[in-house]
Amino acid sequence: MAELLKGAPVAASVTERLKAKTADLKSLGVTPCLFVARAGAREADIAYEKSLEKRCESIGISLCKEVFPADVSKEKFRASLYAAGENKNVHGVLLFRPLPEHLNEKDIFEAVRPEKDVDGITARSMAGVFSGDFSGFPPCTAQACMEILKHYDIKLAGARVTVAGRSLVTGKPLALMLMRENATVTVCHTQTRDLAAECRRADVLVVAAGKKNTVGVEHLSPGQIVIDVGINTDEKGSICGDVDFEAACSIVSAVTPVPGGVGSVTTAVLAAHTTEAACRAAGIM
């Protein structure tokens, strides 16, 4: 039976560190504040929003939000982001994605101030991930994967790591972050000729394909560490990942559960980025 790499203890560790930092900020008259902009009312977004509200409250971070109908105009949505950028009391900005189809992501992202981009969506933030310049923040989901690997003391230097998925949200930035830890990284995608073979030869397998059952028995090898980033719904309406969890538990050494794995760490990482942004704004390094 595989070890379960649960996200709760990782998130708790991050949260405890943040409580002390927010207390220090508040002693200086600064309350970290996260601004959330949401267009529409997707169930997954609302559930994440509620989880985020609880996380911020437990740490001492103020959360303000602006909710728009799904057909909100580009001008109105961008205006809210500009206003958050001008507000000195706001330290972090989060957009729920994907945006409605009529909202061009590139146009919207450009309305977010890079120093308040706590989820790594602006060009400057992504450039920082590529160059190793930590003036911006990496995407929270990618960072959550790294936090889990670190918490469970999984050695990356020299390890063969396969990342299944190449999105800017997780796959691409995570591959670069893993290389920074001296892992040898292979990135797979829809055009990979033999995905199963690429996955099997990995010491650490990260699956961020966005499709349930992307990885099954034929993709797995004994001794592997599997990080499942996926959030999907199965035929019974239950939350599941991209990996066949039962198959993984019978083969690999350790695997993150879904739910209760990467997703539960993501809100803690977002809170950490917001607190760090507040520290930078206050001149505390």
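In which loop is proline 259 found? Proline 259 sits in the loop between β11 (254-255) and α10, where helices (H or I, at least four residues) and strands (E, at least two) are DSSP runs numbered from the N terminus. Before I go on, please keep in mind that this is a predicted model, in which local features need pLDDT of at least 70 and side-chain atom pairs count only at pLDDT 80 or more, while totals for chains, interfaces and linings use all residues. Residues are numbered from 1 along each chain as its sequence is written, and side-chain values use heavy atoms, with hydrogens and water left out.

Let me stay with the peptide bonds for a moment. The bond from valine 258 to proline 259 is cis, with omega near 0°, and the bond from arginine 97 to proline 98 is also cis, with omega near 5°. Proline 98 lies in the loop between β4 and α4 (105-109). For background, most residues other than glycine have a negative phi, and most peptide bonds are trans.

Aspartate 153, which is not a glycine, has a phi of about 55°, and its place is the loop between α6 (140-151) and β5 (160-164). Aspartate 153 is exposed, with a relative accessible area of 52%, on a scale where buried means under 20%, exposed over 50% and partly exposed in between, using a 1.4 Å probe and protein chains only. Asparagine 182, in the loop between α7 (171-180) and β6 (184-188), has a phi near 70° and is exposed as well, at 54%.

Now to the sheet. An open sheet of 3 strands has the order β3-β2-β4 with parallel pairing, and two strands pair if DSSP finds at least two bridges between them. Because β3 (62-68) and β4 (92-95) stand at the edges, each with a single partner strand, one side of each is left without a neighbour in the sheet. Strand β2 (residues 33-39) is joined to β4 by 4 bridges, and alanine 37 has leucine 95 of β4 as its bridge partner.

Finally, helix α1 (residues 8-27) and helix α10 (residues 262-281) pack at an angle of about 20°, with their axes 9 Å apart; axes are lines fitted to C-alpha atoms, for helices over the stretch in contact, and angles run from 0 to 180 degrees between N-to-C directions. The helices α1 and α10 are therefore roughly parallel, a term for angles under 35 degrees.

Terms used
Parallel < 35°, antiparallel > 145°, perpendicular 65-115°, else oblique.
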